[in-house]
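Dear colleague,

I am handing over the structure that I would like you to look at next. It is placed directly below, and my notes on it follow.

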Amino acid sequence: APVDRRRHWVCPTLTPLYYAPIYRDLSDGQRLRYNQLTALSFTELISYFEQAFAASLQAVQRRLGTADRQFAQCLDDFLADERLHGQLWQELNRASEPAWYCARQADRLVRIPRPVRWLLGQVVRRPARWPLVFWVMLALEERSLEISQRCLRMPVDEIDPQYREVYRHHLMDEVRHVQLDCHLIERYYAALSPGWRKCN
């Protein structure tokens, strides 16, 4: 169903311009539309990064194998969640601006240059060489938690119900993902280096 254009699509305090003096000079309609465009850019970015970093999880699966079935199942679930999240964000964008988004067009407001996409692809597929990817994943998911938490604290009548529901669903999964990220870092580095010291 189409989203409600009379409501916010993201918490205003998450939008960069909210903190600039000029924000107070905008009309209510301009602020609302700015909020909605910012929400679309957020969903584009979240969807892109969740799909991009899935390659790191697949690399971990290949390296660790299935010796620990419980951990292997956690990774399978993690990847399934990320695929679902990407679909949810893209469907939400299509419901928000059907003329902008289609099956072949996932980015409208945020255009990541092709060389940057290629470079990120090379890095995320090689977490053993670039272990920073796991820390970046953790930081991005903690940021996603903050976005969802702020949106869910908004009065119900101020935010579109479809956006609110996706934020709620995303929050539940991201809490688990942050915990798994920490465990993943410990397990992966222990496999890479027997001298790896576990963090307390």
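Why are Phe49 and Phe53 separated by about one helical turn? The two residues are 4 apart in helix H1 (residues 28-64), and therefore about one helical turn lies between them; helices here are DSSP runs of H or I with at least four residues, numbered from the N terminus.

Before the details, please note that this is a predicted model, in which local features need pLDDT of at least 70 and side-chain atom pairs count only at pLDDT 80 or more, while totals for chains, interfaces and linings use all residues. Residues are numbered from 1 along each chain as its sequence is written, and side-chain values use heavy atoms, with hydrogens and water left out.

Aromatic rings

The structure holds 9 aromatic pairs, where rings of Phe, Tyr and Trp (for Trp, its six-membered ring) are paired if their centres lie within 6.5 Å, and where planes under 30 degrees apart count as stacked, those over 60 as edge-to-face and the rest as tilted. Phe49 counts as partly exposed because its relative accessibility is 26%, whereas Phe53, at 7%, counts as buried; the cut-offs are under 20% relative accessible area for buried, over 50% for exposed and in between for partly exposed, with a 1.4 Å probe and protein chains only.

A further tilted pair is formed by Trp89 and Tyr167, since their ring centres are 5.9 Å apart and their planes stand at 55°. This pair links distant parts of the chain, with Trp89 in helix H2 (residues 69-96) and Tyr167 in helix H5 (residues 161-192), 78 residues apart. Trp89 is buried, with a relative accessible area of 2%, and Tyr167 is buried at a value of 2%. Ring pairs also link Trp9, Trp89, Tyr163 and Tyr167 into a cluster.

A ring is involved in another way at Tyr18, over which the charged end of Arg24 sits, 5.1 Å from the ring centre; the criterion is that NZ of Lys or CZ of Arg is within 6 Å of the ring centre and within 35 degrees of the ring normal.

Salt bridges

The structure holds 8 salt bridges, each being a side-chain nitrogen of Lys or Arg within 4 Å of a carboxyl oxygen of Asp or Glu. In helix H5, Glu165 and Arg168 are 3 residues apart and therefore separated by about one helical turn, and their side chains meet in a salt bridge with an N to O distance of 2.5 Å. Both ends are partly exposed, Glu165 at 40% relative accessibility and Arg168 with a relative accessible area of 35%.

Asp173 and Arg176, which are 3 residues apart in helix H5 and so are also separated by about one helical turn, have side chains that meet in a salt bridge at 3.3 Å, N to O. Here Asp173 counts as buried, at 8% relative accessibility, while Arg176 is partly exposed, with a relative accessible area of 39%. Salt bridges that share partners join Asp4, Arg6 and Arg7 into one network. Within that group, the side chains of Arg7 and Asp4 meet at 2.9 Å, N to O; Arg7 counts as partly exposed at 24% relative accessibility, and Asp4 is buried, with a relative accessible area of 15%.

Cysteines

What number of disulfides does the structure hold? It holds 0 disulfides, a disulfide being a pair of cysteine sulfur atoms within 2.5 Å. The cysteine sulfur closest to that of Cys11 belongs to Cys151, and it lies 5.8 Å away, which is too far for a bond. Cys11 is buried, with a relative accessible area of 8%, and Cys151 is buried with a value of 0%.

Surface patch

Finally, Leu132, Trp135, Val136 and Leu140 form a nonpolar patch on the surface, with about 350 Å² of accessible area together. Patches are made of residues with over 30% relative accessible area and no salt bridge, with like charges joined within 9 Å and nonpolar side chains (Val, Leu, Ile, Met, Phe, Trp, Tyr) within 5 Å, and the accessible areas come from the Shrake-Rupley method with a 1.4 Å probe, where for residues only the protein chains shown count as cover. Leu140 is found in helix H4 (residues 132-152) and, at 31% relative accessibility, counts as partly exposed.
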